[in-house]
Each structure stands twice: as structure tokens, then as C-alpha cells.
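Visitor: Please take a close look at one part of this model, the ligand site. Walk me through the contacts there, then the surroundings.

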Amino acid sequence: MRLRNIPGSREAIGNSEYVIPEENECAGKWKEIFGNEQPVHIEIGTGKGRFLMELAEKHPEINYVGIEKYSSVLLRAIQKMEENPLPNVRFIRMEAEHILRYFEKGEVGRVYLNFSDPWPKERHAKRRLVSREFLDRYRVLLKPDGHLEFKTDNKDLFDFGVEQTEPAHWEIIEITYDLHHDEKMNAGNIMTEYEERFSSKGNPIYKYIIKPYKI
Ligand code: SAM
């Protein structure tokens, strides 16, 4: 995501009715926030929010929470929400490592990771959103029948993600090394901004669906 600091973006986000205030660590309060009992699905690293909002329009019976660390990027998502408000979408501006402050044990039905930052240096491996450290956090917030879906065009990151599953006690339910030519896994696929950009260059898109098993 290109990072251009947009003056006033932090304030705009702080004032938006679609963004959970930073001091409001809202674990256990999602039913109150949405005003209903619908399942909650989250996307971490939501960027400008296109994937999440398209999904939310197709699935009004699910509540969606988009998590993004940069105000200037999240601002774009907020502007889209103002043009086309969706009652089943909220955003949190935060660094994902704090995720357990915002979701209680078993509160989330599904986690989406799309084109997550690769953090290619070995010493930064723990920052990768598919690392064992993050899988341990997702295990806590996911419901017993919940799962995680990850898409990327970065083969090294994808291979790393696959390697992390077994030691973290997760199992792979479905996997493809060419999503757009995999009829079954591509059915109903919603393209993200990065997916459109990289697949138009001819890059294959990798995807897995994984779930934690009991330990
Ligand atoms: N998911 C979008 C897509 O597929 O078009 C955006 C992909 S972009 C490469 C990754 C996004 O994740 C960026 O907006 C970045 O700021 C955000 N991000 C990366 N690491 C994050 C973290 N630890 N916590 C929250 N957001 C993060």
C-alpha cells in the first residue's frame, strides 16, 4: 500500500461513526456494537476496504470488521462507506498484534488475510500475519468451527504460511497455487485491490483455508 500521509486523516477517522474509537477496547461487545447477534468475520490489513465492503454487500447476514494500521489508507475505506453506508461494516485502526484487546475468545467466525505484507527479512518473521505467533492469537478469537482464509501472490510468504500451520496445530482444509484457474476455490471469489493489480500482471494467486485443531 502506497503510504502518503494525508493531513487530518487521523482526526477524520477518530470522528467517523464507522470506526471503533481507539480507547474502546471492545472485546465481548460486538453484539452491542452491531445491535444484533449476527456472526462476526474480520479482515486484517483491509487497506482501502474494497474486498470487505463487497463481501458485506453480498452477505448482509454477517457483520464485518476491517482492521488497518494506517489512517491515511483507512480514510479511503471510510470515504467509500460515507458514499454507500453498510450497516454490517465497522473498522478498527490498529496494529494487528493487539487484536486480542478487541475480540474475545470465540467471538469471530472467520479471519481473512489478503496480500499481507511479506516482511522478507528473517528477523521480522514474527511480524508476518501468517506466522505462528499470529496463528496463536487467531486460535483464541476464532469460534470452534471458525477458519482463516489467506490469499497472496507472494510465493515465499505463502510457503512460509503453509510451513507454520503444522507446528501451530492448524490444518489445511483447502489449498491452491493458482486460484483463478481453480474452479472450486475460485467460485464466488471477490478480488482485492492487490489481487487485481498482481493477477493482471500474470502472477498466479495462492490461497489456503486453514483451521486450528484442538491441542
Ligand atoms: N488487503 C488489501 C488488498 O489485498 O488489496 C491491502 C493489501 S496491502 C499489501 C496490506 C495492508 O495491510 C496495508 O494497508 C497495511 O497497512 C496493512 N497491514 C499490514 N500489516 C498490518 C498489521 N500488522 N496490522 C494492521 N494492518 C496491517
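Guide: Start with G45. One of its backbone N or O atoms lies 2.9 Å from a nitrogen atom of the ligand. The model is predicted, so read each distance as computed from predicted coordinates. Next, T192. Here the side chain takes part: a polar atom of T192 lies 2.8 Å from an oxygen atom of the ligand. At E193 the backbone is involved again. A backbone N or O atom of E193 lies 3.3 Å from an oxygen atom of the ligand. Now the burial. Taken alone, the ligand exposes 600 Å². The protein buries 96% of that area.

Widen the view to the shell. The ligand is surrounded by 18 residues. G45 and T192 are among the closest, together with E68, E95 and A96. By class, eight residues of the shell are nonpolar, six are charged and four are polar.

Last, the aromatic rings. Searching the whole structure gives 12 aromatic pairs. One of them joins F158 and Y177. Their ring centres are 5.3 Å apart, with 90° between the planes, and the pair is edge-to-face. F158 sits in helix α6, residues 155-165. Y177 sits in the loop between β6 (170-176) and α7 (183-186). The pair therefore ties together parts that are 19 residues apart in sequence.

Terms used: Residues are numbered from 1 along each chain as its sequence is written. This is a predicted model: local features need pLDDT of at least 70, side-chain atom pairs count only at pLDDT 80 or more; totals for chains, interfaces and linings use all residues. Side-chain values use heavy atoms; hydrogens and water are left out. A residue is near a molecule or strand if one of its heavy atoms lies within 4 Å of it. A polar contact is a pair of N or O atoms within 3.5 Å; within protein, one must be able to donate a hydrogen and the other to accept it, and residues adjacent in sequence count only if both atoms are side-chain atoms. Accessible areas come from the Shrake-Rupley method with a 1.4 Å probe; for residues, only the protein chains shown count as cover. Ala, Val, Leu, Ile, Met, Phe, Trp, Tyr, Cys and Pro count as nonpolar, Asp, Glu, Lys and Arg as charged, and the others, Gly among them, as polar. Rings of Phe, Tyr and Trp (its six-membered ring) pair if their centres lie within 6.5 Å; planes under 30 degrees apart count as stacked, over 60 as edge-to-face and the rest as tilted. Helices (H or I, at least four residues) and strands (E, at least two) are DSSP runs, numbered from the N terminus.
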